[in-house]
Amino acid sequence: MVAGIAVASLVASPFIGVVVNKLSAELFEKWGLCRSVRSDARRLQSVLETIQNVLDDAEQQPITNKALRDWLTRLKDAALDADDVVDDLLTEALRRRAQDRSRICRTVRDFLSFKNPMLLRHKMVHRIKDTRARLDEIADERNRFHLAEGSVSHGANERETCSAVVESEVYGRDTDKEKVINFLLDVGNEDLSILPIVGLGGIGKTTLAQLVYNDERVMAQFDGRFWVYVSENFSIIEIIRSIVRSPTNCSDLEALKLQLQALLCWKRYLLVLDDVWNENQMIWEALKVLLTCGKKGSKIITTTRSETVARIMGTVTLHKMPILSFEHCWLLFEQRAFRLVREEEKPRFVEIGKQIVEKCGGLPLAAKAIGSLMGSKKKEVDQWLAISESELWRLPQDENGVLPALMLSYNHLPSYLKSCFAYCSIFPKDYEIERENLIQLWNAEGFIEKNDCSMLAEAVGNQYFNDLVWRSLFEVTEKDEYDNIVKCKMHDLVHDLTCSVTKVESSVIEVGKKSIVPDSSHYSLLVYDRRKKLPLASELTYQMKKLRSFILLRKQWFAYVDDKKHMDFVSYMISTQPNLRALGLGGSKIQVLPGRISKLKHLRYLDLSSTSIKILPNYIVRLYNLQTLNLQYCYHLQKLPASMRHMINLRHLDISGCSSLIHMPLGMGQLSNLQTLPMFIVGMEDGRRINELDQLNLIRGQLKIKNLNNVNDPMEALKANLFTKTSLQSLKLSWKVKFNGRAAPLSADDVLEKLKPCSNLRVLTMKTFPGIRFPGWLMNHTEPSSSFFPYLVKIKLEDFEKCECLPPLGLLPSLKELSLIKLTGVKRIGTELYGNGGTFPSLVQLKIYDMAYMEKWSTSPTDETTDARMLFPCLKMLTARDCPKLEVEPCFPPSVESLVIENCENLLSARSLQGLSKLRSLNFGGCVASPSAFAGLQNLTALELLRIESCDELTCMPQSLMQHNIPSFQSLKLINNSNLKSLGEGKDQQPPSLFTSLCHLEIEASHSLTALPEWIRYLPLQDLEIRGCSQLEGRYSSEISLLSTMITTTKFRVVTGELHPVQLALVCFCDRLSLERYRGFSLQVLGKFNRARAARLTLPHFICQTPLFMPVGTQGTIKGLTNNQLEEIGCQIILGNTYHLALRPGAELIDDLGGLHKFMNWKRALLTDSGGFQMVSLLHLADITEQGVTFQSPVDGKPMLLTPEESIQIQNKIGADIIMALDDVVKTTITGPRIEEAMYRTLRWIDRCIAAHKRPDAQNLFGIVQGGLDPVLRDICVRGLVDRNLPGYAIGGLAGGEDKDSFWRVVAQCTAALPEDKPRYVMGVGYPLDVVVCSALGADMYDCVFPTRTARFGTALVPEGVLRLKNQAMANDERPIDSTCSCMVCRNYTRAYLHCLVTKDAMGSQLVSYHNLSYMMRLSKDLHMSIVEGRFPEFVQGFLRAQFPKGDVPEWVCNAMEVAGVDISTCIPIIN
Ligand SMILES: [Zn+2]
């Protein structure tokens, strides 16, 4: 057959195939209610087969045949309708079956409605007759077209080509690459230069951009790299949002601009704008202005097909992509086309091949696509000639923008692939398609053909997918660790192709854009942007009646959307589209499923992932056809439908991340088609026991079995049949730690014994196992054997209390990663773990954590078969933490390259380090660094990095080590070594030998270090970081004059306060430094949860952890608490009142005495306020003018004036780490123009404060955001302050009696707009609930007198809220204030005792203050740790549950948490 220009857009055959398949289904045959239905069905089947017979020919006929086109259109429409009818019949049969079953078991019947069977049958008969008649008519017409009968072979070997996926190589682009890289590496004189790469579609512009973007030299050159896919929609907001990766719903250009500047300033950055079409110069100029804020040498690369675009954007000569040379195109083609050709056959095809390559016009995409196509063809000269001579090559390319080579490639797809491929047009351009998801959608649509062998539809779908990858129609973008493809993309031109072949069938609607949806649309995908409003149901004027797929695509997470409208929209779609096969609502805001969803009887795919659904109603089980139910990350979901067992077609039930699920529905074991079931919660009652897993043998991927403590009978565990689940890759077994006080079941050992998984397993995790011994299936292997889990790569054993003997894991041939955590019973690692003759032949990573009692790790076991030298041949990374007794005997395995040892006193010694000739990185902390250990370091001949943290014994880098030259040694980090006094001796200009090649030096929090050695100037340093070394301060003050030079030679805005003198002193000899590193202090974000963050805030006197609470001291002391006590409870910063300090003892005196730190003997950080607030709040006579705050002296009554200058002057004398700008304070409850006046005055005063600040090197000036409750004023103020680039920002004017809803909204607004890398301090806030809410919204620091003041009235802070010790009920209460608190007060005093003291004795308020502050410190620490450890939501939930046990969480808290993206639904009772 000669390939012509085909009616490409119309493929009806797969749909007809689907119906024919269904009609011959067994189920259909059995549903023999009525003979006439059956005979009609058979006739329908035969007419469809008649049509099917000629379809292959019809679908290959020329595009010009209009009549044939129409015929095919009608045929396809009729076939889809026939599918609906037949599907209705089958669903009815399914329904009856389920009904019968439920009658038999007589348990649940509520969901089964009893329809009138006669009426129903009558209706069915009519529909099937109509359909048949319609198809008969269409079948008769086929004779008009003289179509050939019989199916066309598409090449016999097309299936086998799927397995191998050719990675994308790049040929012939070396010159282009070097040219672009030269441009990027040249810093030049411009702040920002822009290089456009221009060329035809498919020529490889993006590929070239990717090549240079990922080049190592380029990565080293730039501080930040950003990639934005632009396409037709050139929106400044969208582009900035992509760059800053704004996770918020921010559509405010001003706020985005600020974020952009915060991100880019100080950085030499590279930005790629991929696929730009915008020809509007004005818009580009507007964006360019915003982008011109980076460091000199920042670059933009833009790819475009248009020279006009290039001319508008470029600042240098554009790079025109030359077409690929014939030779290189040939290489691409040859690789694919000749894969399966025998060498001796090749010559016959080379000539034709060359002709074909000629026609690709030098486009690599075309050469690849056509090469793949040829590779799938039978090797017959005729077929090759047919392609070479195809008329498609002559098609003008710009007619619909589709490359002829791609069109050919599509035309030659087998028809089952055509529909699968065409379906992908529903995804937007540049969208990453998830493989598994796509296959599920294909299956829902019926595109996956049934095959004779018993292959699962998913496996067939996978072959289709690989085939499309192999044909270069999909590009792989992500693979998992086992080399499985996870995601793919389509090239722009390929996407254009899908759109052109499905013109009328699918549509992508983007909210906010006008789209035309044709009536006949069968698929649709609504891309919605959650920041924008969804269309109202009534606004959907287009008529979509036959939708088969409808998918809402989220673009953005955690955004704000009107729930009500959202629900309306979803309900509308559900009620108007009865034919839906696939419905995707993932990530949408729905909380309940509309009841009408049960009417979608054809539905096979339902995605509800990441929604707020709490309960899945039972009526959902009426969706008998459902195959895929995706509930991933439905955190709120508490229950699955009780009758779920009736959904017998369910293949994928994804409940991973459904952490609120309490138990499984009854009888899950009946869902024998399940392939995806990532979690099973074992229950105690029949139907929920572990034996439900018995028949679920198709389960693949991962399975987590929870609550194994509920299994009492080992035989039940055996019935779970884990052994027969051959496709399981990852198995996690966990027991509940405490069984409500009951002892662990005695049978735990026997139960685990029976849970032997299949030997195909790759990952095994066991947690909190209460038994005594490991199971035989792990233990009883005496020699290396391939049957002993040959594919297991990862094992994690955590929290075993009683097991003493480890299993012989050393025998596992593929094990790469082993984690042993908190195995309390294990005393040693040795022969028993290695196994007889075992060596851990593949182990790369070993973690040993939290082993309090482990004593010995023997790396040279003495059994006769194991050769010590052979142990751990591949071990590269070794981490040991918190194993205080552990010793290694005799030494670490010699292959180790990276070693981390923390809090393991005995692990580091000269002996243990011997022979580590491959060790590149050594990290140790919290250990005694003995001289002998240091001597051992000399032998580490490959060492590149050494990090020493928290070694209190370290006073000096030892001389013996320093004189030793290790040529590879590049990087030294010394963190928090409190007694480190010297880096070591050198001879003046001669650095110690060890440091001859040192390029990175980092010293942090080493307070005893008083000087840097002279020789440090002669190190080849590229980076130097010094943070929080208080003694170094002041020493280098003479170099401060350098500051002026710095400012004039660079173009950055430098606020004088940011440079630390010692750092400045070093600037002159470290040539490649970014100024960023020389801020006087730093904020390092250690962890984030949405907006909440935990950070390390380095201040001159202390390194703090945020979120943090600062107690307020009036005269610099906290009433009743000594400094030692404050340190003891973990206080990091104290707030001093400038007003009080200035009155007594007076700023001058403090200054004379050496600053407040010395005066009050407080070694940690201090903050002083401006004094203004105190005056306004304490003195009625205060008056505020432009000059400052005028007040009456409380001493002599004379009028006094506090100006911004004076406030700063006083604070400079006091010498706190953080000082506050003087602001114009107004009560929040005041409204009107006074608020506006105060806000602008605050902004004017900040400049006076900055100018007056004389010690920017040692003190950090924070600005204060004012503006009352008015978002506009707040916004102006934030922007004004951020422009001044201060070290930190406070949010002022709150906690003054405003309503809580306004309060959190102001905080949310300010934290969102303030820069990420600066601390945010909410002033005057200190109620525990407020602190938790503000932290969730991204605030870092708080102060308040509340905890100490309320203590004076006998009120203690407890997790439940407050405890009034004055209450009579306390008189006999012998408990401590808070049984969960371990503070000194709670350890020593009863409530009864405190009841006697409070309000009567000063001691009482002191003790309660002590507890209250401990409580606040503990809260700060818990906030910090929960964010760092990724369990912030759980912490917040626990906090709220304790405070509001009845679930009456205030609405403002719920609202704030919603914006913070913290799910607190479990704290609120469910309203049914
Ligand atoms: Zn306490």
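Which residues in helix 6 meet which residues in helix 7? The views below come from a predicted model, in which local features need pLDDT of at least 70 and side-chain atom pairs count only at pLDDT 80 or more, while totals for chains, interfaces and linings use all residues. Residues are numbered from 1 along each chain as its sequence is written, and side-chain values use heavy atoms, with hydrogens and water left out.

**View A. Contact of helix 6 with helix 7.** Asp-176, Lys-177, Val-180, Ile-181 and Leu-184 in helix 6 meet Leu-208, Leu-211 and Val-212 in helix 7, where contact means heavy atoms within 4.5 Å. By class, this contact has six nonpolar, no polar and two charged residues. Helices here are DSSP runs of H or I with at least four residues, and strands are runs of E with at least two, numbered from the N terminus.

**View C. Positive phi at Tyr-633 and Ser-950.** Tyr-633, in the loop between strand 14 and strand 15, has phi near 55 degrees, and Ser-950, in the loop between strand 29 and helix 28, has phi of about 50 degrees. Tyr-633 is partly exposed at a relative accessible area of 40%, as is Ser-950 at 27%; partly exposed lies between buried, under 20%, and exposed, over 50% (1.4 Å probe, protein chains only).

How values were computed:
Nonpolar A, V, L, I, M, F, W, Y, C, P; charged D, E, K, R; others polar.
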